[in-house]
Amino acid sequence: MNRKGYTSTNILAVCDFNMCFTYALIGWEGSAHDTRILMEALRNLSLKFPHPPEGKYYLVDSGYPTMKGFMGPYKSARYHIPQFRMSRAFRSPNEIFNYHHSSLRSVIERTFGVCKARWRILRNMTKYPLKVQFQIIWSCFALHNFIRRMGNNDLDVLGSIEDINQFQEGERGFEDDDGESSLVWQQPTQEDTQQMITIRNTIRDQLTHISR
């Protein structure tokens with residue numbers, strides 16, 4: 001049972017800017033916290049999480065910590081795009097950063113939205129055994145990637161049928177190739193975390209300068 005009051009599966013997923021899934025961890029109960037799932041993926045080498053190379057990082061939402069390889073938004077400022085539509089004026093440099101962060105990270109929400117619109121079973125899963133349910137999710141993700149790579153006009157066709165954005169979630173392994181990552185996750189140190197915060201602050205200051 002998740003925080004919204006119904007049974008669900010919590011999926012940890014990574015996607016690229018072509019809206020293709022590059023990794024997915026399927027099988028956790030809906031009540032599991034996002035950070036708990038991520039930590040398990042990082043620590044358990046058998047799950048083959050694709051660690052970002054040195055100098056690169058994933059954009060994550062506020063449900064995840066900002067640490068080495070993972071850059072989250074500022075929690076003390078507006079974040080979601082609809083909030084900025086109500087009042088476009090930025091109230092602080094942190095909001096400028098959050099706006100651009102949210103604009104980029106929304107690709108994962110849109111990717112899930114497309115999958116839910118294309119395969120309605122993902123929105124209301126039939127009561128198959130759990131193993132079968134997980135296989136259905138995997139199959140939908142694999143077919144989604146195939147369609148995206150074979151033709152980029154699939155979103156236009158789908159959009160003519162229904163508004164795919166209505167299925168995006170406000171707050172919220174699939175390997176892209178056969179190779180295994182040579183990177184092994186190490187528990188982030190205080191210095192690592194501070195380095196990511198410094199990088200985030202630098203990007204914020206650059207965005208603030210451009211916006212003036």
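These entries go through a hairpin, some salt bridges and a helix.

Ground rules first. I am reading a predicted model, where local features need pLDDT of at least 70, side-chain atom pairs count only at pLDDT 80 or more, and totals for chains, interfaces and linings use all residues. Residues are numbered from 1 along each chain as its sequence is written, and side-chain values use heavy atoms, with hydrogens and water left out.

Strands here are DSSP runs of E, at least two residues, and helices are runs of H or I, at least four, numbered from the N terminus; two strands pair if DSSP finds at least two bridges between them. Five residues lie between β1 and β2, and Met-19 in the turn has a positive phi of about 65°. Thr-9 has Glu-29 in β2 as its bridge partner.

Entry two, salt bridges. I used this rule: a side-chain nitrogen of Lys or Arg within 4 Å of a carboxyl oxygen of Asp or Glu. The count is five. Glu-29 turns up again, with Arg-36, at 3.9 Å between the closest N and O atoms. Another joins Glu-109 and Arg-105 at 3.2 Å; they sit four residues apart in helix α3 (residues 93-118), about one helical turn.

Buried means under 20% relative accessible area, exposed over 50%, and partly exposed in between (1.4 Å probe, protein chains only). Glu-109 is buried at 6%, and Arg-105 is buried at 8%, whereas Glu-29 is partly exposed at 38%.
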